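The sequence and the model are shown first, and the main points follow by topic.

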Amino acid sequence: MTPSLPETLLHERRAIRTLTLPGLIRLVTEIDDNGPISHRRGSLQGAFGDLTPGQLRHAIDVARDLGLIHADEQAPDRYRLTRSGEALAEVYDTAARWARARHFPDTSTDFVTRVQHTLHLHSRSPHTSGSSVEPSAPHEVLAEFLQANPRVLHHADDRSEQQVAEAGRAA
């Protein structure tokens, strides 16, 4: 029998699953790197041509729910990052730099995959057998981000409970 994980670690892992959605990583970093997305026809889909409309809509919905973007249908800049969104962009950049310097998970990995693998690596419990996660910049900025943005932890818990309820209804 394996011991249960501390509740805080479970909350953090749920939050990391949400924060590592490929569409969310792309949305936040695109706005961080290139500025707000405007109302110009095609500018949204043009910036994310490799995402399906459903993936893009989900990323926007999650980003709004987490308070990472301002979404204003009337403003010239339709989507722009909030302070929390800017902080998350820094988490993503730090994770990608750390992974690139260590060729993690391998040398030919793209930005999104580097971020995903690095944040998942740093979400593991240091007490898990075989895991020797070094204290690192990605872990520190992620911990700071989660502490400064408890909404992310609560959102992940709410979605988790919603998924359990939906699974129960489907059965």
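Two strands are taken to pair if DSSP finds at least two bridges between them. By that rule β1 and β3 pair, in the antiparallel sense and over two bridges. The model is a predicted one, and the protein in it comprises eight helices and three strands. Read from the N terminus, the order of its elements is α-α-β-α-α-β-β-α-α-α-α.

**Overall picture and confidence**

- Of the 171 residues of the protein, 41% count as buried.
- Among contacts in the protein with a separation of 6 or more, 59% are between residues 24 or more positions apart.
- The average pLDDT of the protein is 81, and 80% of the residues score at least 70.
- Residues 125–133 have a pLDDT below 50; this stretch has seven contacts in the model beyond near neighbours in sequence.
- Residues 160–171 also form a stretch where pLDDT stays under 50, and here the model has one contact beyond four places in sequence.
- Where pLDDT is low, the predicted coordinates should not be read in detail.

**The sheet**

- The three strands form an open sheet in the order β1-β3-β2, and the pairing is antiparallel.
- Strands β1 (37–38) and β2 (69–71) are at the edges with a single partner strand each, so one side of each has no neighbour in the sheet.
- In the pairing of β1 with β3, S38 stands opposite D77 in β3.
- Strand β2 pairs with β3 (residues 77–81) in the antiparallel sense, over three bridges.
- H70 faces R80 of β3, while A71 stands opposite Y79 of that strand.
- Five residues lie between β2 and β3, and the two strands form a hairpin.
- Helix α4 lies across β2 and β3 and runs at about 110° to β2.

**Helix α2 and its partners**

- Helix α2 (residues 22–34) packs with helix α5 (residues 83–101) at an angle of about 105°, their axes being 9 Å apart.
- Because angles of 65 to 115 degrees count as roughly perpendicular, α2 is roughly perpendicular to α5.
- On the α2 side this contact is made by L24, I25, V28, T29 and D32; on the α5 side it is made by G85, L88, A89, Y92 and D93.
- Sorted by class, the contact of α2 with α5 has six nonpolar, two polar and two charged residues.
- Helix α2 also meets helix α4 (residues 53–65): the two axes come within 8 Å and cross at roughly 70°.
- That angle makes α2 roughly perpendicular to α4 as well.
- The residues G23, L24 and L27 of α2 meet A59, I60, V62 and A63 of α4.
- The contact of α2 with α4 has six nonpolar residues, one polar residue and no charged residue.
- L24 takes part both in the contact with α5 and in the contact with α4.

**The loop between α5 and α6**

- Most residues other than glycine have a negative phi, and most peptide bonds are trans.
- H103 is placed in the loop between α5 and α6, and its phi is near 55°, a positive value in a residue other than glycine.
- With a relative accessibility of 48%, H103 counts as partly exposed.
- The peptide bond from F104 to P105 is cis, and its omega is near -5°.
- P105 lies in this loop too, which is the one between α5 and α6 (111–121).

**V152 in helix α8**

- V152 belongs to helix α8 (residues 150–170).
- Its relative accessibility is 1%; buried means under 20%, and V152 therefore counts as buried.
- Apart from neighbours within four places in sequence, V152 is in contact with A15, L19, L66, F145 and L146.
- V152 and L19 are 133 residues apart in sequence, and the distance between them in space is 8.5 Å, C-alpha to C-alpha.

Notes: Residues are numbered from 1 along each chain as its sequence is written. This is a predicted model: local features need pLDDT of at least 70, side-chain atom pairs count only at pLDDT 80 or more; totals for chains, interfaces and linings use all residues. Side-chain values use heavy atoms; hydrogens and water are left out. Axes are lines fitted to C-alpha atoms, for helices over the stretch in contact, and angles run from 0 to 180 degrees between N-to-C directions. Helices (H or I, at least four residues) and strands (E, at least two) are DSSP runs, numbered from the N terminus. Angles under 35 degrees count as roughly parallel, over 145 as roughly antiparallel, 65 to 115 as roughly perpendicular and the rest as oblique. Contact means heavy atoms within 4.5 Å. Ala, Val, Leu, Ile, Met, Phe, Trp, Tyr, Cys and Pro count as nonpolar, Asp, Glu, Lys and Arg as charged, and the others, Gly among them, as polar. pLDDT is the predictor's confidence in each residue, from 0 to 100. Buried means under 20% relative accessible area, exposed over 50%, partly exposed in between (1.4 Å probe, protein chains only).
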